[in-house]
Amino acid sequence: MMAAVASTNPLSSAFFSRQGFLGSKYSNSSCRAHKAKFKRGGFQKIRAAFELKPPPYPMNALEPHMSRETFEYHWGKHHRAYVDKLNKHIVGTELDGMRLEDIVLATYNKGNMLPSFNNAAQAWNHEFFWESMKPGGGGEPSGELLELINRDFGSFDMFVKEFKTAAATQFGSGWAWLAYKANKLNVENAINPLPSEKDKKLVIVKTPNAVNPLVWDYSPLLTIDVWEHAYYLDFQNCRPDYISVFMEKLVSWEAVGSRLDAAKARVVEREVEEQKRRAEEEGQNDPKDTGVTVLYFDDDGKIFEADASEPEEAT
């Protein structure tokens, strides 16, 4: 995701030439975005802690499902503005130098958001959104991801229906998410919205404005932006049509599957750390002396006990 850097460089004009982005300033100051024109050259420089990361594909790569014009405005204007404003807010504060995810968590403040939250969260959300799509996307997932979807939602079709409903019924601006929920308790800085649900399962949540599942210690796997600027040029007020196209033509299930693997690995790592912490509290140097099973995991997310000869798949 977006990373803090010691010094920043202007975004390369070579990238924009390849991607088809024509500039960062409108030649017409009118708010009628669909009629505005972009100047060539004149790219804005981002001089503070965070840089605007280029999307992982050319600006026209998602056509005809998401137009180049939508991408130019959404990424080139809206996403850029969140990054620029965030940099201005945090410079010289205790947030300066923190990871973007940590800024999101620190400024959520149990829903009483601090001034930097909206721009930090929106910068994170948009980068995650671009990476949730790919040219030629859509279809169905496979492997363990599909197995968990079937387990937790009944079927892939039922999952799609529930996800579409969440996105369509988010009142006003916001997001809909598929997340891996590994924590059923409240966390330090937020109240868990699904405290009665089992942990280690997939859940669908919708969030207003800039809020994302990170604040509840969930692991986001997929998101759709339902702010009007995400779809109005292509779909006008027909949000359900935009949602359907997103699910059927744009979702990168490979990205979602990789995020699931990473989320499960983090859960195992936390469990190992918790076992070590308990052992230390009991005055033991070796967790095995406490009767606690020590778990390890490899790069493929396979879990195995300390003395086991063969790793077992995580469940």
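Helix α9, which covers residues 253–281, has 29 residues and reaches 42 Å from its first C-alpha to its last, close to the 42 Å expected at 1.5 Å a residue. The model is a predicted one, and the span just quoted, like the other values here, is to be read as computed from that model. After α9 comes Gly283, whose phi is positive, near 75°.

A second element of interest is a pair of helices. Two packed helices are described by the angle between their axes and the distance between the axes. For helix α2 (residues 68–90) and helix α4 (residues 117–130), the axes come within 8 Å and cross at roughly 145°, and the crossing in which α2 passes α4 is left-handed. The residues of α2 that take part in the contact include Phe71, His74, Trp75, His79 and Tyr82, while those on the α4 side include Asn119, Gln122, His126, Phe129 and Trp130.

Some of these contact residues return in an aromatic cluster. One cluster is formed by Tyr57, Phe71, Trp124, Phe128, Phe129, Trp130, Trp175, Trp177 and Phe246. A search of the whole structure finds 18 aromatic pairs; one of them joins Phe129 and Trp130, a tilted pair with 5.2 Å from centre to centre and 45° between the planes. Both Phe129 and Trp130 are buried. Another member of the cluster, Phe128, has the charged end of Arg259 over its ring, 3.6 Å from the ring centre, and Arg259 falls within the residue range 253–281 of α9.

Tyr57, also a member of the cluster, is found in the loop between α1 (13–19) and α2. Why does Tyr57 count as buried? Its relative accessibility is 5%, and the cut-off for buried is under 20% relative accessible area, so Tyr57 falls in that class. The C-alpha atom of Tyr57 is separated by 9.4 Å from that of Met133, although the two residues are 76 residues apart along the chain.

Is Asn212 buried or exposed? Asn212 is buried, because its relative accessible area is 0%. Leaving aside residues up to four places away in sequence, Asn212 touches Val104, Ala121, Trp124, Asn125, Trp177 and Thr207.

Methods:
Residues numbered from 1 in each chain as written. Predicted model: local features only at pLDDT ≥ 70, side-chain atom pairs only at ≥ 80, totals over all residues. Heavy atoms only, no water. Phe/Tyr/Trp six-rings, centres within 6.5 Å; stacked < 30°, edge-to-face > 60°. Buried < 20%, exposed > 50% of the residue type's maximum accessible area, 1.4 Å probe, protein only. Lys NZ or Arg CZ within 6 Å of the ring centre and 35° of its normal. Helix = DSSP H or I, 4+ residues; strand = E, 2+ residues; numbered from the N terminus. Expected span 1.5 Å × (residues − 1). Axes fitted to C-alpha atoms, helices over the stretch in contact; angles between N-to-C directions. Left-handed = near helix turned anticlockwise from the far one by under 90°. Contact = heavy atoms within 4.5 Å.
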